[in-house]
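Thanks for coming, everyone. I have one structure to walk you through today. Please take a look at it first.

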Amino acid sequence: EIVESEVTKKIEEGVNSIAGVSALTSRSYEGQSVVIIEFQLYVDGRKAAEDVREKIASIRPTLRDEVKEPRVLRFDPASKAVWSIAVLPDATKGSMSAVELTNWSDQILKKRLENVRGAGSVTLVGGTKREINVYLNPQAMESLGITAEQVVNAVRNENQDLPVGAIRSLAQERMVKIDARVKRPEDFGKIIVARKGGAAVTVDQVARIADGAQEIDSLALYNGQRTLLISVQKAQDENTIAVVDGLNKAIAEITPQLPPGVRLELITDSARPIRVAVENVRRTLIEGALLTVLIVFLFLNSWRST
């Protein structure tokens, strides 16, 4: 309700006065407001985006201080994905974990598709990335007099590489850097949070370290089954059929190398209706040419008989 009244409504009232607006829709979520503005066909897209940015800039001072800077994105229907594929775990051959499947899709499959000629943006939806989670123990923290902010600051400050200076000689100068990044998850527990009575209080005394996965912020489903979706946008002015052919060829080459428990399923192929339309035109031209030849043949035969 706060997002709706304090953000969404103000933006709607402001941008509604822009010339050429044909439709205005909005969605308010927890901590996020999405306003979609559609313009008449005669309106130039770049000019419309500039008008919206100017209007948002004038509204910005009326929003709360905690509201982040609004972003204005221009969507061109021509830039939608032309091809997409689902990466599915195959239970019959043993399945990979969600984190392993995401890593393989991101590091192997996604990079292979990015190298296809004419492929522009390659997007991965529904992935689960690895994350080291620190679960605080309130009872232990209270008994040792440790706050959550102290734990956060200790983990942030100790898990980083820092330059400490340089060693100079007559012949050369060398930079010195402390390699302090944590190499293993269990090493997070050894980080010192504070010192109490001369004794060090470490993270593992007030928290539990777990090597797990990030919270899910996007989800892709295929026939009710959770999957990873990879969608590809073609580069500007590239031929859709040529790009799709290149993507299909890349999938055919990588399929024999799929890890156990993974299979690929084609979801979207924007080249298919184009191929059908071209084939229909070709058949129409051929049939028209044959009909013309037949009419000429009948006319010649009729002329000869007379």
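**Salt bridges, buried polar residues and a pocket**

Let's start with K10. K10 counts as partly exposed, because its relative accessibility is 27%. And please keep in mind that this is a predicted model.

Now, who is the partner of K10? That is E6, in a salt bridge. The closest N and O atoms are 3.7 Å apart. E6 is partly exposed as well, with a relative accessible area of 26%. Why are E6 and K10 separated by about one helical turn? Because they sit four residues apart in helix α1.

Go to helix α2 next. E50 and R53 both lie there, three residues apart, about one turn of the helix. They form a salt bridge too, and the closest N and O atoms are 3.4 Å apart. Is E50 buried, partly exposed or exposed? Partly exposed, because its relative accessibility is 41%. R53, at 36%, is also partly exposed.

One more pair. D187 and K190 meet through their side chains in a salt bridge, 3.7 Å from N to O. D187 counts as buried, at 17% relative accessibility. K190 counts as exposed, at 55%. The cut-offs here are under 20% for buried and over 50% for exposed. This pair belongs to a network: salt bridges that share partners join R184, E186, D187 and K190. How many salt bridges does the count come to? It comes to 16.

T202 is in strand β9, residues 199-202. T202 counts as buried because its relative accessibility is 17%. Its side chain has a polar contact with the side chain of D204, at 2.4 Å.

Next, S84. You will find S84 in strand β3, residues 83-89. Relative accessibility is 5%, so S84 counts as buried. Which side chain does the side chain of S84 meet in a polar contact? That of T268, at 2.9 Å. T268 is also on the contact list of S84, with L229, I230, S231, L266 and I267. That list does not count residues up to four places away in sequence.

Then N133, in strand β5, residues 130-136. N133 is buried, at 14% relative accessibility. Setting aside neighbours within four places in sequence, N133 contacts R208, I209, A210, G212 and A213. Here is a distance to look at on screen. N133 and A277 are 144 residues apart along the chain, and their C-alpha atoms are separated by 53 Å.

Last stop, the largest pocket. It holds about 1,600 Å³ of space. How many residues line the largest pocket? The answer is 37, and V34, V35, R71, V72 and L73 lie nearest its centre. By type, the lining has 23 nonpolar residues, five polar and nine charged.

Where does the lining come from? Helices α1 (2-15) and α2 (45-59) each give at least two residues, and so does strand β2 (32-39). The largest share is from β2, with eight residues. Recall that α1 is the helix of the E6 and K10 pair, and α2 is the helix of E50 and R53.

That's my tour. Questions, please.

Technical notes: Residues are numbered from 1 along each chain as its sequence is written. This is a predicted model: local features need pLDDT of at least 70, side-chain atom pairs count only at pLDDT 80 or more; totals for chains, interfaces and linings use all residues. Side-chain values use heavy atoms; hydrogens and water are left out. On a 1 Å grid over the protein atoms alone, a cavity is a set of points where a 1.4 Å probe fits but cannot get out, and a pocket is an open set with protein on both sides within 12 Å along at least five of seven lines; lining residues have an atom within 4 Å of a point. Grid points are joined across faces, edges and corners, and a volume is the space filled by probe spheres set on the points. Ala, Val, Leu, Ile, Met, Phe, Trp, Tyr, Cys and Pro count as nonpolar, Asp, Glu, Lys and Arg as charged, and the others, Gly among them, as polar. Buried means under 20% relative accessible area, exposed over 50%, partly exposed in between (1.4 Å probe, protein chains only). A polar contact is a pair of N or O atoms within 3.5 Å; within protein, one must be able to donate a hydrogen and the other to accept it, and residues adjacent in sequence count only if both atoms are side-chain atoms. Contact means heavy atoms within 4.5 Å. A salt bridge is a side-chain nitrogen of Lys or Arg within 4 Å of a carboxyl oxygen of Asp or Glu.
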